Amino acid sequence: MTSTCTICPRACRISNIDGIVSGNNCNKGLDFILKLDNRREYTGTVAVRDCNRTRLPFKSSDRIEIELFPQIRNRLLDFQVKRPVYIGQIIYENILDTGIDLISTKNLV
Amino acid sequence: MLKELVIVGGGSAGMAVALEARRLGIEDILILEYLDELGGVLNQCIHSGFGLEYFKENLTGPEYASRFIDLIHRENIPYRLNNTVAGIDGNTIYAVSPRGTYELESRAIVLATGARERSLSSILLEGNRPKGIYSAGTMQELINKLGIAIGERIVVIGSGDIGLIVSRRMVLNGKEVVGVFEKESRPSGLEGNLQTCIYDFEIPLYTDANLVEILGKDYVEGVRFEIDDEVLEFQCDTIVYSIGLIPERRLILDQTDNLFIAGNANKIYGIVDEVTKNGQEVAREVFNYLKENLND
């Protein structure tokens, strides 16, 4: 998403691509572009079957509406992954019918 | 057994030292890591925002660590997990493994032991020290690595990036963060983190807030802060503090010429990309030292 910042007359063209902001010349611009968009990357960890020593971290394949975050957590409360799991592997498809997958961010063998 | 280079710590700094040292031609390298995996604190920093400088990509902590772990494996650089270094004396390293204690000799030693968190007890404070007070790093480790989320109503002391990120993590785990309290007049975390951790979740943020008292005898029951010349009381069952990091170099008794310090053990860096770069620089210093002292 690219937008013109309206905080000051400088009117920077600011873009937000997958949460990476560029084009802003100050922190107010950063704020401005982030507030226009209520979607954020979701990260968390899930339990690993037969392993109570560590959990598997994951991220969402795309940004998700912040309002859905509590539902994602609830959906994953009893969810477990099986080893081995590799970075980039989908561990949960189409979470809450958003079309967005949850992707492992760690190798666990 | 005399090694060329032993690196104490297998986090971002230690791995960067090892890889750059190997690239420069140092063959006999060993990493000693006290946890059961390489990657250090990155493995509990499951949020993204890492690697924007070094890789020009937005990675999570475990992803950033894995890039280097893969290279360590590809280069066949030896490492020992669950091995804790207990002391360093000149060229001698005293270590503890699950099988017992042992000694190692190394021509050069790099301390890449990261940082520890400043303790709340470093703030002079009257009153009790009830149960229910955790550092932000401990809380992050408990939630992200072990799935244990302690407390229901949580007060966060300190508005540095770690405090902000852990505040969001607790909210994502269904907790109520009563407020983030900062003693300075401005929050100290990055603007982006303020937005995505605090404002996104409508967590109250108090500045110019001085901790006056922790309430509760056995368990935390609340806190008192002085805010704008007024003492306000907040009920909570847990306190999380994030009041700064201290370079972890308690292993240094004697700064000998063969001892080098890399990453956060040297100074606290704002981002991990800089830790990686520093590790590479330290490896070059080690390389020059070993070259100049070939006959030692």
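## A buried glutamate and its partner

At 14% relative accessibility, E248(B) counts as buried (buried means under 20% relative accessible area, exposed over 50%, partly exposed in between, with a 1.4 Å probe and protein chains only). E248(B) forms a salt bridge with R250(B), and the closest N and O atoms are 2.6 Å apart; the term stands for a side-chain nitrogen of Lys or Arg within 4 Å of a carboxyl oxygen of Asp or Glu. R250(B), for its part, is exposed, with a relative accessible area of 57%.

A word on the ground rules: this is a predicted model, in which local features need pLDDT of at least 70 and side-chain atom pairs count only at pLDDT 80 or more, while totals for chains, interfaces and linings use all residues. Residues are numbered from 1 along each chain as its sequence is written, chains are lettered from A and ligands numbered from 1 in the order in which they are written, and side-chain values use heavy atoms, with hydrogens and water left out.

Over all chains, the count comes to 18 salt bridges. One of them joins K175(B) and E152(B), at 3.2 Å from N to O. The pair links distant parts of the chain, 23 residues apart: K175(B) sits in the loop between α4 and β12 (176-181) of chain B, and E152(B) in the loop between α3 and β11 (153-157) of chain B. Helices (H or I, at least four residues) and strands (E, at least two) are DSSP runs, numbered from the N terminus. Are these two partners buried or exposed? K175(B) counts as buried at 12% relative accessibility, whereas E152(B), at 46%, counts as partly exposed.

## Where chain A meets chain B

The contact (heavy atoms within 4.5 Å) takes 26 residues from chain A and 29 residues from chain B. Between them the two chains bury about 2200 Å², 52% of it on carbon and sulfur atoms; buried area is the accessible area (1.4 Å probe) that two parts lose on being put together, summed over both. In chain A, T43(A), R73(A) and K106(A) lose the most area to chain B, together 20% of what that side buries.

How many salt bridges does the rule find across the interface of chain A and chain B? There are 4, along with 9 residue pairs in polar contact, both at pLDDT 80 or more. A polar contact is a pair of N or O atoms within 3.5 Å; within protein, one must be able to donate a hydrogen and the other to accept it, and residues adjacent in sequence count only if both atoms are side-chain atoms. On the side of chain A that touches chain B, the elements that give two or more residues are α1 (27-35), β5 (43-48), β6 (51-60) and α2 (69-76) of chain A. The largest share, 6 residues, comes from β6(A). The residues of this side divide into 8 nonpolar, 8 polar and 10 charged; Ala, Val, Leu, Ile, Met, Phe, Trp, Tyr, Cys and Pro count as nonpolar, Asp, Glu, Lys and Arg as charged, and the others, Gly among them, as polar.

## A bridge between the chains

R53(A) forms a salt bridge with D36(B), with the closest N and O atoms 2.4 Å apart. D36(B) counts as partly exposed, at 32% relative accessibility.

## An enclosed helix

Helix α3 (residues 136-146) of chain B is largely enclosed by the rest of the structure, because 8 of its 11 residues are buried. Among the buried ones are M139(B), L142(B), I143(B) and K145(B). What covers the buried residues includes β5 and β6 of chain A, together with β9 (115-117), β10 (133-135), α4 (161-172) and β17 (238-241) of chain B. Just after α3(B), G147(B) takes a positive phi of about 75°.

## Aromatic pairs

The structure holds 15 aromatic pairs over all chains. Rings of Phe, Tyr and Trp (its six-membered ring) pair if their centres lie within 6.5 Å; planes under 30 degrees apart count as stacked, over 60 as edge-to-face and the rest as tilted. F69(A) and F201(B) form a tilted pair, 6.2 Å centre to centre with 35° between the planes. This pair crosses between chains, from helix α2 of chain A to the loop between α5 (191-199) and β13 (205-206) of chain B. Both F69(A) and F201(B) are buried.

F181(B) and F225(B) are stacked, 4.0 Å centre to centre with 0° between the planes. F181(B) lies in strand β12 and F225(B) in strand β15 (residues 222-227) of chain B, so the pair ties together parts that are 44 residues apart in sequence.
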